[in-house]
Amino acid sequence: MAERLQKQVAELPLKEGMSELRLSITIGIAVAHNEEISLESLIHRADQMLYVGKRDGRDRIVMCRTEEEQAPANNQGAQAATQAKL
């Protein structure tokens with residue numbers, strides 16, 4: 001779903017005189033595999049992943065699957081995963 005959203009944002013038409021610009025979106029995602037993780041913790045981790053994506057060049061989808069994973073998954077496969085302190 002995040003990749004579809006990223007594609008749709010990139011395809012949005014811009015007003016005349018702005019054609020040299022391109023819209024982009026950076027998305028941070030945190031996934032919980034059990035109910036022991038609070039919503040607040042998930043939002044915090046997703047926010048951290050958002051800033052990892054922005055720091056690494058923007059227009060990215062960065063995912064942290066569990067608290068134990070220190071390197072987030074990144075949809076830009078050629079780029080090395082960035083360590084994120086959770």
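Reply: First, a definition: helices (H or I, at least four residues) and strands (E, at least two) are DSSP runs, numbered from the N terminus. Arg-45 belongs to helix H2, residues 39–55. The model is predicted, so local features need pLDDT of at least 70, side-chain atom pairs count only at pLDDT 80 or more, and totals for chains, interfaces and linings use all residues. Residues are numbered from 1 along each chain as its sequence is written, and side-chain values use heavy atoms, leaving out hydrogens and water.

Now the setting. The protein chain has two helices and three strands. Their order along the sequence is α-β-α-β-β.

Back to Arg-45. Its relative accessibility is 2%, so Arg-45 counts as buried. Buried means under 20% relative accessible area, exposed over 50%, and partly exposed in between (1.4 Å probe, protein chains only). Of the chain's 86 residues, 29% count as buried. The Arg-45 side chain reaches the backbone oxygen of Val-31 at 3.5 Å.

Next come the salt bridges. A salt bridge is a side-chain nitrogen of Lys or Arg within 4 Å of a carboxyl oxygen of Asp or Glu. The structure holds three.

One joins Asp-59 and Arg-22, at 2.9 Å from N to O. Asp-59 lies in the loop between H2 and S2, and Arg-22 in the loop between H1 and S1, so the pair ties together parts that are 37 residues apart in sequence. Asp-59 is buried, at 17% relative accessible area. Arg-22 is exposed, at 55%.

Another joins Arg-55 and Asp-56, with the closest N and O atoms 3.7 Å apart. Arg-55 is exposed, at 54% relative accessible area. Asp-56 is buried, at 15%.

Glu-11 and Lys-7 also pair, with the closest N and O atoms 3.9 Å apart. Here Glu-11 is exposed, at 53%. Lys-7 is exposed too, at 52%.

Lys-7 leads us to helix H1. Its exposed residues Glu-3, Arg-4, Lys-7 and Gln-8 sit on the face turned away from the buried side. In H1, residues 2–10, the buried ones are Ala-2, Gln-6 and Val-9. Down the helix axis they fall within an arc of 65 degrees, so they line one face of H1. That arc is taken from the directions from the helix axis to the C-beta atoms. These buried residues pack against strand S1 (27–30) and strand S2 (61–64), where contact means heavy atoms within 4.5 Å.

How values were computed. Polar contact = N/O pair within 3.5 Å; in protein donor to acceptor, adjacent residues only side chain to side chain.
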